[in-house]
Protein chains: 2
Amino acid sequence: MLVEIFDTTLRDGTQGEGVNLSVQDKLLIAKKLDEFGIDIIEGGWPGSNPKDEEFFKKAKELDLQHAKLCAFGSTARSVKDVESDYNLNTLINSETPIITIFGKTWKLHSQKGLGLTDAENEELIYKSVKYLKSHGRRVIFDAEHFFDGFKDDPEFALKMLEAAVKGGADTLVLCDTNGGALPEEVYEITKTVKEKFDVKIGIHTHNDSELAVANSLAAVRAGARHVQGTVNGLGERCGNANLCSIIPNLILKMNYETNQKSNLASLTSVSNYVYEIMNLHPNTRAAFTGKSAFAHKGGVHVSAVMKESRMYEHIEPELVGNKQRVLVSDLSGQSNVRYKAKEVGVDIGDNKELSKKIVNRIKSLEYNGYQFDGAEASFELLLRAETDEFSPFFKVLDSKVNVFYDEEGHSNAEAVLKIEVNGEIEHTASDGDGPVNALDKALRKALTRFYPEVADIKLVDYKVRVLDEKEGTAAKVRVMIESSDGKDAWGTVGVSTNIIEASFKALSDSINYKLFQYYKNKQFIEK
Amino acid sequence: MLVEIFDTTLRDGTQGEGVNLSVQDKLLIAKKLDEFGIDIIEGGWPGSNPKDEEFFKKAKELDLQHAKLCAFGSTARSVKDVESDYNLNTLINSETPIITIFGKTWKLHSQKGLGLTDAENEELIYKSVKYLKSHGRRVIFDAEHFFDGFKDDPEFALKMLEAAVKGGADTLVLCDTNGGALPEEVYEITKTVKEKFDVKIGIHTHNDSELAVANSLAAVRAGARHVQGTVNGLGERCGNANLCSIIPNLILKMNYETNQKSNLASLTSVSNYVYEIMNLHPNTRAAFTGKSAFAHKGGVHVSAVMKESRMYEHIEPELVGNKQRVLVSDLSGQSNVRYKAKEVGVDIGDNKELSKKIVNRIKSLEYNGYQFDGAEASFELLLRAETDEFSPFFKVLDSKVNVFYDEEGHSNAEAVLKIEVNGEIEHTASDGDGPVNALDKALRKALTRFYPEVADIKLVDYKVRVLDEKEGTAAKVRVMIESSDGKDAWGTVGVSTNIIEASFKALSDSINYKLFQYYKNKQFIEK
């Protein structure tokens with residue numbers, strides 16, 4: 001049985017706190033959703049802001065392969081003048097094949113919010129849908145607050161759905177707008193609606209009770225065949241139903257079909273892509289797609305998944321494009337370290353003395369604020385230093401960073417650096433956009449004549465996490481850097497109370513790692 | 001009907017990635033959970049690490065008012081020698097009134113993980129429970145992987161429960177260890193178990209399918225009267241069932257009783273306290289307790305909640321100790337700004353010109369990376385500057401920060417600052433733990449002779465967020481500072497590509513805000 005997937009990341013998703021998308025961002029996400037196999041992309045509310053109008057103009061050139069675009073809006077402002085309603089006409093002018101409008105199906109809203117009698121609200125819904133239908137579009141009617149409305153007055157709520165169907169609505173979407181419904185209520189009410197109407201029934205839920213996914217699945221079990229949600233569950237307040245959980249649950253657990261099935265292995269990358277474009281920190285603990293979703297820390301779990309992964313994994317992580325990870329921490333012992341070492345290609349063999357020494361070293365660094373998840377390159381250098389395979393490619397003799405304001409009040413940063421490579425000294429300086437950038441530039445400049453390969457390194461991500469935040473500006477900071485040479489990417493870490501020193505440590509590790517890899521491969525080729 | 005709440009934040013919670021608690025941290029959290037009315041606190045696995053053993057020793061002096069402590073462990077290692085089993089005896093020696101042990105109820109684990117025949121596993125469970133019971137403790141049997149085990153071989157799974165009951169187990173907890181079960185399965189299977197056994201039935205779920213809360217509630221509907229979970233849903237992989245959602249759902253939506261009912265209004269502060277102790281960034285979108293849980297951004301929503309909050313809020317936020325917020329963003333218009341202005345006590349009256357000017361100024365700052373949620377003091381200064389009520393208390397003529405290594409390789413930071421107050425100049429310098437701390441100290445030093453009140457200001461939180469992270473070390477950073485004078489707390493913000501400049505902006509706002517409040521009140525008193 002096929003379930004239609006309707007994505008509203010670009011509309012309801014942008015109502016989430018901290019979410020802010022440019023038109024270009026929206027176009028990029030739409031393209032990605034189409035590639036993933038999403039059926040309908042709700043792009044925005046063109047009547048409410050110029051950005052969304054622009055989106056629909058530009059979206060026509062997107063050349064979507066599968067997805068259909070949809071514009072969102074409300075019923076007309078006045079029942080007297082539906083055909084010249086600004087909002088409805090903007091929807092029509094967006095030229096999308098599908099239009100969603102929401103109408104009031106909770107008496108409280110209809111009476112108190114809009115000040116309408118029941119008959120007026122009914123007529124408003126009927127006429128608004130009918131007008132849009134007369135332009136030949138597929139019309140989806142979002143029954144706002146349907147579950148609250150039904151619990152309050154089922155007759156009223158159902159009458160409003162009837163008005164939409166009489167107006168020609170193709171799909172009735174039951175909305176738990178406030179996110180307060182329980183799965184058993186959603187199941188029963190959806191079943192009642194399903195039995196009464198012949199059109200396609202859809203579900204739109206919010207996560208205010210941490211039940212949005214369960215409520216969506218309950219509606220599908222009751223007969224809904226259209227599910228609305230957002231990537232990563234972002235949206236107003238606690239967010240919308242998370243499509244990244246609903247889609248794999250439908251396919252892998254409940255045996256439904258969706259058009260993303262053949263692309264399911266790109267689910268994690270779709271999730272990360274949307275976070276990236278939104279410039280939000282990913283929810284590492286997210287089901288299916290989170291970085292921690294298949295990460296094992298407890299000693300019992302680690303030794304079991306090394307035998308057979310389904311012992312502590314509900315699905316194979318590869319099915320959704322994620323992967324198994326083993327964490328190194330004070331809860332874990334030598335078996336975790338051995339697993340990690342093997343992962344980065346370091347053989348510590350059966351040397352118990354060595355692996356114990358490494359575990360202690362890691363625990364002490366972690367105690368001081370280091371973290372090696374996401375800094376596998378620093379971890380590898382640490383292992384290789386302990387096994388005497390690696391020693392740093394350069395030595396820093398002196399470094400100074402000055403930050404000052406020039407006469408026009410612009411802030412400036414300058415770094416002065418003295419390093420030593422094989423007995424030779426290089427003394428150089430650079431300015432930059434801030435102190436860390438100046439230091440980064442000075443370091444590359446100093447190293448280039450010894451190691452021209454450093455020119456290939458690009459910093460692709462730079463993250464700062466303040467530890468012991470209660471210490472205020474005297475707090476320790478952890479800097480995580482991700483670097484790339486166009487082929488590979490690697491992460492490094494540095495910790496200090498001085499943000500510049502922490503950054504410098506992570507930068508140094510990044511360059512040392514690249515040079516280590518480069519010369520190891522070169523040696524290998526030369527042999 | 002009373003549901004018993006069992007908290008495993010201190011045990012399963014610490015298996016979450018990035019969670020690391022000292023013994024002292026654990027004691028603080030236990031105290032808080034007791035005050036909140038949690039029935040049972042699972043403190044750790046004393047057999048697995050010395051930290052947890054120490055916790056149970058020290059926890060005896062906690063003087064808990066309501067909660068009972070519980071130690072966690074596994075069945076004995078060998079069926080032959082249960083009474084001298086190290087793990088079981090460590091549990092007994094923890095001297096907790098309650099002991100939880102887990103046993104295998106999925107054949108895969110029993111056979112492949114432990115290499116036992118069905119009869120051996122059965123005997124192991126029976127004997128382990130019996131030995132603990134013989135020491136007069138309440139014994140909770142965690143049926144590990146029960147749902148997977150039941151789906152695989154119901155007869156086997158039920159037989160293992162029988163063994164635990166025969167051994168004297170007081171409570172049977174059905175665990176969805178891998179987090180893969182669906183609510184309808186949990187409901188049916190729990191009902192089957194409930195009908196078969198007379199002891200109390202409990203539920204323990206994980207969030208790998210984003211269904212942990214729904215699964216816990218389904219089990220309660222099927223007759224479970226004991227729910228295990230963690231504060232904020234932290235735990236191994238995607239985490240455990242979130243008690244911060246389960247408790248309000250049980251009380252407010254499903255009419256069950258729990259012993260936290262009279263303290264429900266401290267739910268949000270319990271959630272924040274645990275994040276704080278764990279030094280983790282709170283999940284702002286969390287149901288019930290998240291900072292965004294009752295935050296309205298869409299224009300339609302804002303004007304409706306201003307009329308009647310239940311129009312877009314599923315519960316009153318005060319019931320769980322949270323509060324309604326209105327966000328200022330490019331999705332929002334003048335009504336949001338007016339609401340916010342009123343909130344901070346600034347009257348912009350009906351001046352449309354002014355409120356439009358302010359909206360534009362905010363939009364431009366937000367476009368440049370500013371964010372005013374959590375920086376209400378900066379927002380207030382901005383409003384008061386626009387209404388000509390505020391001008392800065394000092395002017396910075398020159399500032400320099402130097403970071404360098406001394407001869408022993410220790411990093412040093414020094415700030416030199418020249419400021420002007422009412423025509424008088426103060427030129428001073430300070431060192432510090434890193435450049436921002438040096439600048440902070442220099443600024444206070446320079447201002448003290450003009451404004452002795454600055455001595456009261458303490459920085460209580462310092463956060464750095466790298467924006468446009470793809471720009472690497474040349475990225476813009478946003479610094480958010482929280483300050484306190486012992487009575488009030490306030491937040492400020494600064495943005496720049498230069499982290500020192502961004503910090504300095506936030507620091508300056510913090511001091512200006514305090515001085516503004518101080519002199520406004522003083523003026524008021526003098527009048």
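**Reading cores and an interface**

Mentor: Leaving aside neighbours within four places in sequence, L174(B) is in contact with A143(B), F146(B), F147(B), T190(B), V193(B), I201(B), G202(B), I203(B) and A219(B). Contact means that the C-beta atoms of two residues, placed from the backbone, lie within 7 Å. This is a predicted model, in which local features need pLDDT of at least 70, side-chain atom pairs count only at pLDDT 80 or more, and totals for chains, interfaces and linings use all residues. Residues are numbered from 1 along each chain as its sequence is written, while chains are lettered from A and ligands numbered from 1 in the order in which they are written.

Trainee: Which residues touch the most other members of the largest nonpolar core?

Mentor: In soluble globular proteins, nonpolar side chains tend to be buried together. A nonpolar core is a set of buried Ala, Val, Leu, Ile, Met, Phe, Trp, Tyr and Cys residues joined through C-beta atoms within 7 Å; buried means 20 or more other C-beta atoms within 10 Å of the residue's own. Here the largest core has 190 residues, and F141, L172 and L174 of chains A and B touch the most other members. Apart from this core lies another, of 100 residues, including I362(A) and F504(B).

Trainee: How many residues of chain B are in contact with chain A?

Mentor: 94 residues of chain B contact 95 of chain A. Strand 11 (residues 395-405) of chain B gives the largest share of its side, 8 residues; strands are DSSP runs of E, at least two residues, numbered from the N terminus.

Trainee: How does strand 11 of chain A run relative to strand 11 of chain B?

Mentor: The two strands run antiparallel, joined by 5 bridges. V403(A) has V401(B) as its bridge partner.

How values were computed. A residue is buried if 20 or more other C-beta atoms lie within 10 Å of its own, exposed if 12 or fewer, and partly exposed in between; C-beta atoms are placed from the backbone. Helices (H or I, at least four residues) and strands (E, at least two) are DSSP runs, numbered from the N terminus. Two strands pair if DSSP finds at least two bridges between them.
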